[in-house]
Amino acid sequence: MDDEEFRRRGKEMIDYIADYLKHISERRVTPEVEPGYLRPMLPKNAPEKSETWDNIMADVERAIMPGITHWQHPRFHAYFPAGNSYPSILGEMLSAGLGIVGFSWAASPACTELETIMLDWIGRMMALPVGFLPFDPVRDDKDSDDDDDEEESCSESEVEIKANNSHDSVMNGETHRESKQSRHIGGGVLLGSASECILVAMLAARTKKITSKRLADPLMEDGQILARLVCYTSKLAHSCVEKAGLIAMVRVRQLAVDEHFSLRGKTLEECIRADKEKGLIPFLVSGTLGTTSCCSYDNLEEIGEICRREKLWFHVDGAYAGSALICEEYRYIMKGLHYADSFNTNPNKWLLMNFDCSCFWVRDKFALINAMSVDPLYLQHKHAQKAVDYRHWGVALSRRFRSLKLWFTIRSYGIDGLRYYIREHCRLAKVFALLICADSRFEIIGDVTLGLVCFRLKGSNKLSQKLLLSLNDSGLIHMVPSMVNDIYIIRFAVCAKYANDDDMHMAFNTIQEHANDVLAEYCA
Ligand code: PLP
């Protein structure tokens, strides 16, 4: 393909995508294919000779589209939203076109610097504790006279973090500026998934605990310490916490939640005490801000206090719900986040960014660097002392220019536009919840705080199981189930970018029709 053909085919591809999204509601939500459907449709071997673009595109319709689950479909209500927007798609396109690999600052300075700035923008949009944001000379390097103003302009959580951070800085012998700068050793990075963020947090926490234990008792070997480490999370935490434990070779305790599906301090405290009595070493708690199962919230304040007291790394996973923090009225959910050592959220879920785009902030970037730095000669560069090298902040070396899509999307929508999108989804979830409540055969489980409604048919779990099977088999709508405290629930997530009231009514009507059949069969 030469330049001219690229121009032509690129424009055709944009048309193809725009047409696909415009007419998506005419399709079934889920495909009707069986595993292995694609192999007989494609040649066994790769082609020896070049093929025409028209032939390849014809095969997209013939072979690929029949196997697509249409995540952008207005009747797709499974999992959580898969972020998508035209500015984000175009940002991805530019990233692919530039074709850079940004593992270090020198490998492409704009890639690193835009990423740092975007994480800072989003951190401020969400009013995250200032400990997660890098040192900002404009904000932080002021005369002490200005400090009072600064306190006033901070959010409540920022003020708290300052109070809580005071133990981090050694005031004696430092200039005021140095002490302020030393308090800002936090920052953010873009990783490929929430799972990766949680794994990275776990690896950093693991190294930190092993190092401190080894310092306290030089006779202890790393392997002996590792074998005794324990991470705590709730039964409703995403399975990626358990997976991170498998990879990091540490125990993960999945603790019970209360009647609001929230992990409470008392439960955690008792388990920590029992483990310490057995000679085990607690090192990490992974709390959730918006569980996948039912969008419940762990009690970050109670957990955070225990983590601070017990010197445990506190990670908070806000993969979905984190995006809501851009709206002031939802910030109550992050009460206690000022205790966290790290936090992740996925703009590729609920902030109109295409996959992949996971934001990960840490209070102490050196905890990551200590756990993940290797430094071969071919990766070194002369600005390493001054610049950020994100290869030390995660597992991967090569890194995509992910921040471009953030930059395009945030600027195109403005924070106001993004807030409107989040608020609409939350409003529509309430519309759907009211419809469910008006039908006495259904019940809602958990609170409807954001864009997720968890409901079920009253009665045995089997009834709701049958209902969901029937709905998903129809291809008219797609939802997934979950289990909370032994209750089978159907999760209804508002996902489509332009979801509206009619979509809520159509979804509810479909659910009602299938419920009629399921209940008729059950009563017969
Ligand atoms: N954490 C929560 C709360 C989630 O809802 C999810 C996925 O839905 C994850 C983690 C895992 O996300 P990822 O697919 O980005 O690893």
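Is alanine 127 buried, exposed or partly exposed? With 18 other C-beta atoms within 10 Å, alanine 127 is partly exposed, because a residue counts as buried when 20 or more other C-beta atoms lie within 10 Å of its own, as exposed when 12 or fewer do, and as partly exposed in between, the C-beta atoms being placed from the backbone. The structure is a predicted model, in which local features need pLDDT of at least 70 and side-chain atom pairs count only at pLDDT 80 or more, while totals for chains, interfaces and linings use all residues. Residues are numbered from 1 along each chain as its sequence is written.

Some backbone details deserve a look at the outset. Most residues other than glycine have a negative phi, and most peptide bonds are trans. Alanine 127 has a positive phi of about 55 degrees although it is not a glycine, and it lies in the loop between helix H4 (109-125) and helix H5 (137-140). Helices (H or I, at least four residues) and strands (E, at least two) are here DSSP runs, numbered from the N terminus. Tyrosine 79 also carries a positive phi, near 50 degrees, and is found in the loop between helix H2 (53-64) and helix H3 (86-98). Tyrosine 79 is partly exposed, with 17 other C-beta atoms within 10 Å. A cis peptide bond, with omega near 5 degrees, leads from phenylalanine 355 to aspartate 356. Aspartate 356 has its place in the loop between helix H14 (347-350) and strand S7 (358-362).

Histidine 315 has serine 342 in S6 as its bridge partner.

Strand S9 (residues 452-457) has six of its six residues buried, so it is largely enclosed by the rest of the structure. In a regular strand the side chains alternate between the two faces of the sheet. Both faces of S9 are covered, with Leu452, Cys454 and Arg456 buried on one side and Val453, Phe455 and Leu457 buried on the other. Three bridges join S9 to strand S8 (residues 442-444), and the two run antiparallel; the bridge partner of glutamate 443 is arginine 456 in S9. S9 also runs antiparallel to strand S11 (residues 487-493), to which four bridges join it. Here leucine 452 has alanine 493 in S11 as its bridge partner.

The buried residues of helix H13 (residues 300-310) are Leu300, Glu302, Ile303, Gly304 and Cys307. They pack against helix H12 (265-277), strand S4 (281-288) and S5, where two residues are in contact if their C-beta atoms, placed from the backbone, lie within 7 Å. H13 is followed by lysine 311, whose phi is positive, near 60 degrees. The axes of helix H16 (residues 403-438) and H18 come within 9 Å and cross at roughly 30 degrees. In this contact, Leu428, Val431, Phe432 and Leu435 of H16 meet Asp501, Met504, Ala507 and Phe508 of H18. By class, the contact of H16 with H18 has seven nonpolar, no polar and one charged residues, where Ala, Val, Leu, Ile, Met, Phe, Trp, Tyr, Cys and Pro count as nonpolar, Asp, Glu, Lys and Arg as charged, and the others, Gly among them, as polar.

Finally, the ligand is surrounded by 16 residues, the closest being Ser193, Ala194, Ser195, His238 and Ala319; a residue is near a molecule or strand if its C-beta atom, placed from the backbone, lies within 6 Å of it. The shell around the ligand has six nonpolar, nine polar and one charged residues.

Terms used:
Pairing = 2+ DSSP bridges. Axes fitted to C-alpha atoms, helices over the stretch in contact; angles between N-to-C directions.
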